[in-house]
Amino acid sequence: VEKSGDKLTLVGDFTLHGVSKRVKMPVSVKIAGDTLTGDAKMRFLQSDYGIKPYSAFFGAVKNKDEVVLNVHLVAVTHD
């Protein structure tokens with residue numbers, strides 16, 4: 001986790017379909033009582049990871065190359 005002012009960024013290697021790339025994801029963190037929650041979002045292209053987006057019927061039905069990955073983490077402390 002990198003911190004710049006009040007902003008946090010998750011930094012690490014993301015592996016998909018056998019391809020690893022270094023990524024950065026801005027994260028927002030909230031603490032309420034004994035619970036910490038974090039939310040982050042990352043956009044990437046399937047083709048960057050060797051995945052050909054689905055297409056059928058001569059392109060009439062197809063998926064976009066861009067994918068949005070949403071991450072929601074919850075951590076709870078126990079006594």
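Q: Which residue in β7 does Met42 stand opposite?
A: This is a predicted model, in which local features need pLDDT of at least 70, side-chain atom pairs count only at pLDDT 80 or more, and totals for chains, interfaces and linings use all residues. Residues are numbered from 1 along each chain as its sequence is written, and side-chain values use heavy atoms, with hydrogens and water left out. Strands here are DSSP runs of type E with at least two residues, and helices are H or I runs of at least four, numbered from the N terminus. The β7 residue opposite Met42 is Leu69.

Q: How many bridges join β4 to strand β7?
A: Let's look at the strands around that pair. Two strands count as paired if DSSP finds at least two bridges between them. Strands β4 and β7 (residues 66–76) run antiparallel, and the number of bridges joining them is 11.

Q: Is Leu69 buried, partly exposed or exposed?
A: Buried means under 20% relative accessible area and exposed over 50%, with partly exposed in between (1.4 Å probe, protein chains only). Leu69, a residue of strand β7, has a relative accessibility of 28%. Leu69 therefore counts as partly exposed.

Q: Which residues does Leu69 touch, not counting those up to four places away in sequence?
A: A contact means heavy atoms within 4.5 Å. One of the residues touched is Met42, which also stands opposite Leu69.

Q: What is the bridge partner of Val29 in β4?
A: Strand β3 (residues 19–32) and strand β4 (residues 35–45) pair in the antiparallel sense over 6 bridges. Within β4, the partner of Val29 is Gly38.

Q: Which residue takes a positive phi in the hairpin of β3 and β4?
A: This hairpin has 2 residues between its strands. The phi in question is near 65°, and the residue that takes it is Gly33.

Q: What percentage of the residues of the protein count as buried?
A: The C-alpha atoms fill a box of roughly 55 × 25 × 20 Å along the principal axes. Of the 79 residues, the share that counts as buried is 16%.
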